[in-house]
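Q: Could you take a close look at one helix of this chain and at what packs around it? Please set out the terms as you go, with their cut-offs.

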Amino acid sequence: MPGRLKKVDEFFQRKAAEGGNVVAMARMGAAMRERGELPEAESWYRKAAMGGDRVSMTALAHLLADRGAHEEAERWYHEAALAGEPHGMQYLAKSYERRGKRDDARHWYGEAARAGDLPSMAAVGRLLREDGSGEEAESWLRQAAEAGFTGAMIDLGIVLRDRGQAAEAARWWRSAVQAGDLAATCQLGRQAERLGRPSDAESWYREGAAGGHSEAIVRLGLLLHRRGDLEEAERWYLDAAELGDPAAMTNLGVLARNRGDEGEAAAWYRKAAEHGSVPALTNLGHLAEHREDLTAAEQWFRRAAETGDIQGMLSLARMLRVRGAAHEAELWLARAETSQDQF
């Protein structure tokens, strides 16, 4: 009997939707999405969205984004945001952030946060923190952290640490770890290292590494590497490299070069560079320079320099001077000095 009632309900709902009832259109979209009939779900959501239903605007945008129609998805997120739909605001902000439009992202995260959207409180707080607005960031981050958002706990801890409130920062990071966010083990480990407590740092990194957190694995490997435990460091780097971590790949290249295997070092550096590691580009330049392949070395240093990497700029300037391109060398040195002044 319940199955027959459901069919009757869907029959009348479809009739109402076909008759122009916007609420019924939205419900049909939700029902089709639940059944996996995505083209029909998109069709009904589109009709409801065009009829002014703001939740359907966001739902339509989700479906469009899932099938790769990102430009149209962003337009519908924008329509939903203008209509006051908090999730539309949040996802519009995410879209802007992915495209590097931080001011627009911060605006819409802020609008969603003011509408009570907790993930947006965490996100606007993060952006404000990254932009150096710690006091404004703290207000949003604290609200999200107190509601249980672990990312906000981590960012709030960073704001507090930078203000010199290390104990409260550590309390928030421990709360994040207890809630299952292993990224906080890296913050706790780094703080322990700064305080000269390497054994505490190792314990935190091991906890994160045991849970498969890539940064914690790399930081544990670095700690062991510096201590001289090279075999265990390499094992952890390999684990992180399998997860696609470019820093681990770069460090595997460093270990290989230190034991005299420049072929393996180059292979790891190239793999790291493919995954976005800028230090790997500079290291490939040093390898090429050691082989006296100065043309290749300059190319690698130039690629690193063009990303804004200071070591890449300095190495490129040195090579340019050697081959007599003094004017360009001075330009790169000036850029390197400007970049250093910004840190």
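A: **Helix α8 and its surroundings**

The helices α8 and α10 are roughly parallel to each other, where angles under 35 degrees count as roughly parallel, over 145 as roughly antiparallel, 65 to 115 as roughly perpendicular and the rest as oblique. This is a predicted model, in which local features need pLDDT of at least 70 and side-chain atom pairs count only at pLDDT 80 or more, while totals for chains, interfaces and linings use all residues. Residues are numbered from 1 along each chain as its sequence is written, and side-chain values use heavy atoms, with hydrogens and water left out.

Helix α10 covers residues 150–162, and it packs against α8 at an angle of about 30 degrees with the two axes 10 Å apart. Helices here are DSSP runs of H or I with at least four residues, strands being E runs of at least two, and both are numbered from the N terminus; the axes are lines fitted to C-alpha atoms, for helices over the stretch in contact, and angles run from 0 to 180 degrees between N-to-C directions. On the α8 side, Ala122, Arg126 and Arg129 make the contact, and they meet Ala152, Asp155, Ile158 and Val159 of α10, contact meaning heavy atoms within 4.5 Å. The crossing of α8 past α10 is left-handed, a term used if the near helix is turned anticlockwise from the far one by less than a right angle, with right-handed used if clockwise.

Against helix α9 (residues 134–146), helix α8 (residues 118–130) takes another course, as their axes come within 8 Å and cross at roughly 150 degrees, so α8 and α9 are roughly antiparallel to each other. This crossing, too, is left-handed. The residues of α8 that make the contact are Leu118, Met121, Ala122, Val124, Gly125, Arg126, Leu128 and Arg129, and those of α9 are Glu136, Ala137, Trp140, Leu141, Gln143 and Ala144.

Leu127 is found in helix α8 and counts as buried because its relative accessible area is 0%, buried meaning under 20%, exposed over 50% and partly exposed in between, with a 1.4 Å probe and protein chains only. Beyond its neighbours within four places in sequence, Leu127 is in contact with Glu97, Arg102, Ala105, Arg106 and Tyr109.

Tyr109 leads on to two further features. Gln90, which is placed in helix α6 (residues 86–98), also touches Tyr109, along with Ala112, Asp117, Pro119 and Ser120, when residues up to four places away in sequence are not counted. The relative accessibility of Gln90 is 5%, so this residue counts as buried, and its side chain is joined to that of Asp117 by a polar contact of 3.0 Å. A polar contact is a pair of N or O atoms within 3.5 Å; within protein, one must be able to donate a hydrogen and the other to accept it, and residues adjacent in sequence count only if both atoms are side-chain atoms.

Tyr109 is also one of four residues, with Trp76, Trp108 and Trp173, that touch the most other members of the largest nonpolar core, which has 59 residues. Such a core is a set of buried Ala, Val, Leu, Ile, Met, Phe, Trp, Tyr and Cys residues joined through side-chain atoms within 4.5 Å. A second, separate core of 48 residues includes Trp236, Ala273, Ala280 and Leu316.
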